[in-house]
Amino acid sequence: MAVKLAKTDVVVVGMGWAGGIIASEASKAGLKVVGLERGKNRQTSDFAMGHDELRFEHRKELMQDLSKETVTFRNNPSMQALPMRKYGAFHLGDGVGGAGLHWNGCTH
Amino acid sequence: MNDSKNLPGSKPMSRRSFVKGFGTGLLMMGTMGSGMLAGMMSDRKGNTQAATAPSAHSALVFTDALMFFTKEQFQWVEAVTERIFPYDDLGPGAKALGVAIFIDHQLAGPWGINAREYMAGPFHPGSPTQGTQTHLTHQQIYLNGIQAVSQWCQNKYQKGFVELAQTQQDEVLAAMEKGEIPILKGYSSQAFFEVLKANTLEGVYSDPLYGGNRNMNGWKLKQYPGAQMSYYGYIEESKKIDLDPVSLKDHLSH
């Protein structure tokens, strides 16, 4: 059953760098903003073991679980589009903050 | 520390016994010595005591047991990873660093069954730019790969990989890397080699909590300070600072 929420001025889907700035600016302009995000609701305590390079950089803990949802892609129209089965260069983060949260796991 | 010197095909121990003892630890302690850093980390004291008390280092490692491989498969992985990351004068190799235990434990966990990867059909080969498209889990890749490469070694040398001379082992790995060893239709030995190589490096450099990087010796080899909580105390220093590595185990006590 779909839950019908109260009307609002702006809905931003994805609260990463781009969505976060848009939401912030729209709020400052006096609009009512709802931001949507998916993934685990992480607290500071979730990052106590944040220096674990295997878990975060190699096993992609802060990225979307591809077993649940992924994208298909092809490089030109003559190819067959296939699912991205594991992460390569393109990383789908989840959780509030987007790339501002996961930084692609580059700092250790 | 686990010693693996009795395995068939193991190499002469030139420097290994030295490295695998407490030499490295003591040397590191020596450079730390009177440094002002020692006092800044409470763990340092503990480490110093451990280094002077051999019993602490020779404590049994209860996690040195297999969850996935048979003993023969484990020895195969140990021998292969040792050729990918061999010991030399600079430090220990994959075997002494516990890489095969690391891989066994990884395969027994969610990574072994590709728990966070898209594994539903339909399956098509795809182009190299579309990444791996295999239906095989990491567990299946290892089991099929070990079996196929072992069979290939038997056919070519009438021996298993573990019994081969170093130069022959390197020939096998080169053939794997070139994709010359048939594994399964649609899965090449080159792909298996890439998995082995990636897992070897993970086992050498990931936190020792996963079973590899024994005594943080993989990090010490690169003078990597590990999972330092913060560099706040040193950030203003203009000189190079040599820090003893810290592992995630230290974070739990904070």
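Tutor: Let's start with a term we will need: a salt bridge is a side-chain nitrogen of Lys or Arg within 4 Å of a carboxyl oxygen of Asp or Glu. Keep in mind that this is a predicted model.

Student: Thanks! How many salt bridges are there between chain B and chain A?

Tutor: Over all chains, the rule gives 13 salt bridges. For the pairing of chain B with chain A, the count is 2.

Student: Which residue of chain A forms a salt bridge with B:Glu117?

Tutor: B:Glu117 lies in the loop between H8 and helix H9 (138-157) of chain B, and its partner sits in the loop between E4 and H3 of chain A. The closest N and O atoms of the pair are 4.0 Å apart, and the partner is A:Lys86.

Student: Is B:Glu117 buried or exposed?

Tutor: Buried means under 20% relative accessible area. B:Glu117 has 14% relative accessibility, so this residue counts as buried.

Student: And which three residues supply 32% of the area that chain B buries against chain A?

Tutor: Together, chain B and chain A bury about 2,400 Å², with 51% of it on carbon and sulfur atoms. The trio supplies more of chain B's part than any other three residues: B:Arg116, B:Tyr118 and B:Gln130.

Student: Now within chain B, how many residues apart are B:Arg214 and B:Asp64?

Tutor: Their side chains meet in a salt bridge at 2.6 Å, N to O. B:Arg214 is in the loop between H11 and helix H12 (217-221), while B:Asp64 is in the loop between helix H5 (54-57) and helix H6 (71-84). The pair links distant parts of the chain, and the separation is 150 residues.

Key. Residues are numbered from 1 along each chain as its sequence is written. Chains are lettered from A and ligands numbered from 1 in the order in which they are written. This is a predicted model: local features need pLDDT of at least 70, side-chain atom pairs count only at pLDDT 80 or more; totals for chains, interfaces and linings use all residues. Side-chain values use heavy atoms; hydrogens and water are left out. Buried area is the accessible area (1.4 Å probe) that two parts lose on being put together, summed over both. Helices (H or I, at least four residues) and strands (E, at least two) are DSSP runs, numbered from the N terminus. Buried means under 20% relative accessible area, exposed over 50%, partly exposed in between (1.4 Å probe, protein chains only).
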